[in-house]
Amino acid sequence: MSARHLYVHVPFCARRCSYCDFAIAVRRDVPARAFAERIAGELTVRGLHADTPLATLYLGGGTPSRLGGEGVARLIEAITSRIGVALDAEITLEANPEDVSAPDVARWREAGVTRVSLGVQSFDPEVLRWMHRVHTAEAAREAVRVLRGEGIDELSLDLIYALPTGVSRNWERDLDAAVTIHPPHLSCYGLTIEPHTPLGRQAARGQLHAADDEVHEREFLRTHDVLTAAGYDHYEVSNYARAGHRAVHNSAYWTGAPYLGIGPSAHGFDGRVRRWNRPEFVAWDLAVARGEDPIAGQELLSREQHAIEAVYLGLRSDAGLVVEDQDTPMVESWCQTGWGAVREGRLRLTPTGWLRLDALVSALTGNRSRY
């Protein structure tokens, strides 16, 4: 297929965080060599290759940094020996601070890693404990120092806001701590309490309550104000970057570009069909070992789904969406309300508009469907 972007799901974690709903496999001893062999096996079983060299390779999870220096290198070799990678490709590794050491980072860089997305989440010790995170705030700062010291300057920090009612946390202090580190990229996510997580079970028992809409809105808008004042572009709902440091791989998702997905629970999209792998590590592992495609399901997008996705993807980033003639009355009312602005024929939502993204997408696609 013509995809130039590849996502690899590495499921291994030291423990499950309280909010995590991802497909993970908690392992004390990570089978790094066997996992690389299975990834190579999936590529072979599915006959996957890129017609042109990959522009991006993203190792996500889970916690890919749990593979260690040699494990990451072995995984990248298993992929790049079968699929060509452009010389200037962005190769991203998700990492947790406790896994970052100078020898491992040096090996990651030697293997081709150009960018690290660091799961910081908070600099508050109490919040980190509440989240079941393993690292400390100082460990996060030290991880950044080590990464830079070993030549990886393309860093992204993940932070989480809008914590449940009753969790003591100063979001402004976390933002200030992040800005002080001067990362070129930041991803800030509002916490969603998923049903099948420790938080979800606590919420079901009435032991905690999700942050209300006012808290979410206040912290989202404060994030925008603080980070844009510090020189970051708010280029997507949850993402901020200094000039020249936008995430290339994730930006491809937001343009609707085709991408490959391998590993347990990984999704892929060829422009028409979306497919996804078995989420459980053991089931995925056994299927590939037997020489079977580990697919769990696939979906051919209908014309209506394509239309909805085009609107959703266009409005969630600062690229915006082309305004069609029938959109004009509705879009003009949004602009008057302060939810967006039209420049060069494209509607770009403001932060207050992004807070209403789902409702605006529904309204616009509903309006277009009548014509």
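Me: Is Q121 buried or exposed?

Reply: Buried means under 20% relative accessible area, exposed over 50%, and partly exposed in between, with a 1.4 Å probe and protein chains only. Q121 has a relative accessible area of 8%, so Q121 is buried. This is a predicted model in which local features need pLDDT of at least 70, side-chain atom pairs count only at pLDDT 80 or more, and totals for chains, interfaces and linings use all residues. Residues are numbered from 1 along each chain as its sequence is written, and side-chain values use heavy atoms, leaving out hydrogens and water.

Me: Where is Q121 found?

Reply: Strands are DSSP runs of E with at least two residues, helices are runs of H or I with at least four, and both are numbered from the N terminus. Q121 belongs to strand β6 (residues 115–121). Its phi is near 70 degrees, a positive value in a residue other than glycine.

Me: Which value does phi take in S265?

Reply: Phi of S265 is also positive, near 70 degrees. S265 sits in the loop between β11 (260–262) and β12 (267–269) and counts as buried at 17% relative accessibility.

Me: What does the side chain of R16 reach?

Reply: A polar contact is a pair of N or O atoms within 3.5 Å; within protein, one must be able to donate a hydrogen and the other to accept it, and residues adjacent in sequence count only if both atoms are side-chain atoms. The R16 side chain reaches the backbone oxygen of C20 at 3.1 Å and the backbone oxygen of F22 at 3.3 Å. R16 is partly exposed, at 30%.
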